[in-house]
Amino acid sequence: MFKMFSRSSNELFSHLVALGANLESAAQKFEAMVENWEDREAGFYAVREAEHEGDRLLRDLHEYLKETFFVPGDREGMLALTNELDDIVDETLKIANYLLLYHVDKPSESFVEMVRLLSACCSNLRLALDDLGVRATRPRVEEHCLRVIQLEDDADKIHRRGLEQLFHNPHDLGDLLKWKDLLDWTDDAVDHANHVAYRLMAVANNLH
């Protein structure tokens, strides 16, 4: 039975590591899309590919959870965590999609800064998921998650600054509304990463 539980745990954490790696990949591809604006179409398709891969990984993990009796920690907490990780990727694709649909000019400095912060949040969540499955490194989960929480605070400040710049001297109402949407959605994605960080710390505590 111990061997069965150990194998089950290893498989679960392998699934989580794969989800974390794909989360980071999607965010990095979105960051590359924003920073290489001339190639934004190719960048969008790269983000979409990562979103499709995330859906596949999530289906595999859900199948694993359905078929596995012994799951370390809280099964419902694990399910919620994995769904929320996938939600961040979905939100990233949504923003990338509207960047093209809105036919916006080159992204503003504030928007690019927020995308970079989102990417940094996802990288820290990936590191936390890597450390979650190893008892010796599990204490580092909180360190990575606290970094996400700090990044979310930084993003709030940049979001506010970006909105102030938009409303300070607007030239075109349509452009103002488009960029407000994009800034708000990116802030929401960072907020979601912050929520996942708290969820991940709770999951790690339940594994002790």
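Visitor: Let's start with E53: buried, exposed or partly exposed?
Guide: This is a predicted model, and in it E53 comes out partly exposed, because its relative accessible area is 29%, which falls between the 20% and 50% cut-offs.
Visitor: Which helix is E53 in?
Guide: E53 belongs to helix 2.
Visitor: And how far apart are E53 and N22 in space?
Guide: Their C-alpha atoms are 7.4 Å apart, while in sequence E53 and N22 are separated by 31 residues.
Visitor: OK, new topic. What about T186, buried or exposed?
Guide: T186 is buried, with a relative accessible area of 0%. You'll find T186 in helix 6.
Visitor: What does T186 touch, leaving out residues up to four places away in sequence?
Guide: With those left out, T186 has contacts with I95, F111, M114 and V115.
Visitor: Now the largest nonpolar core. How many residues are in it, and which touch the most other members?
Guide: The core has 65 residues, and the ones touching the most other members are F30, L99, F111, L125, L132, L182 and L200.
Visitor: Which elements give two or more residues to this core?
Guide: Those are helix 1 (2-35), helix 2 (40-67), helix 3 (75-101), helix 4 (109-132), helix 5 (140-168) and helix 6 (173-206). Helix 6 supplies the largest share, 13 residues.
Visitor: Pick L200 for me. What does L200 touch, again not counting residues up to four places away?
Guide: On that count, L200 is in contact with L81, L125, A128, L129, L132, V141 and C145.
Visitor: Let's do helix packing. At what angle do helix 5 and helix 6 pack?
Guide: About 165°, and their axes are 9 Å apart. That angle is over 145 degrees, so helix 5 runs roughly antiparallel to helix 6.
Visitor: Is the crossing of helix 5 and helix 6 left-handed or right-handed?
Guide: Left-handed. As for who takes part, the contact of helix 5 with helix 6 has 19 nonpolar, 3 polar and 7 charged residues.
Visitor: And what about helix 3 and helix 6, how far apart are their axes?
Guide: Their axes are 10 Å apart, with a packing angle of about 165°. Helix 3 and helix 6 are therefore roughly antiparallel to each other, and their crossing is left-handed.
Visitor: How do the residues of the contact of helix 3 with helix 6 divide by class?
Guide: There are 16 nonpolar, 4 polar and 6 charged residues in the contact of helix 3 with helix 6.

Technical notes: Residues are numbered from 1 along each chain as its sequence is written. This is a predicted model: local features need pLDDT of at least 70, side-chain atom pairs count only at pLDDT 80 or more; totals for chains, interfaces and linings use all residues. Side-chain values use heavy atoms; hydrogens and water are left out. A nonpolar core is a set of buried Ala, Val, Leu, Ile, Met, Phe, Trp, Tyr and Cys residues joined through side-chain atoms within 4.5 Å. Buried means under 20% relative accessible area, exposed over 50%, partly exposed in between (1.4 Å probe, protein chains only). Helices (H or I, at least four residues) and strands (E, at least two) are DSSP runs, numbered from the N terminus. Contact means heavy atoms within 4.5 Å. Axes are lines fitted to C-alpha atoms, for helices over the stretch in contact, and angles run from 0 to 180 degrees between N-to-C directions. Angles under 35 degrees count as roughly parallel, over 145 as roughly antiparallel, 65 to 115 as roughly perpendicular and the rest as oblique. A crossing is left-handed if the near helix is turned anticlockwise from the far one by less than a right angle, and right-handed if clockwise. Ala, Val, Leu, Ile, Met, Phe, Trp, Tyr, Cys and Pro count as nonpolar, Asp, Glu, Lys and Arg as charged, and the others, Gly among them, as polar.
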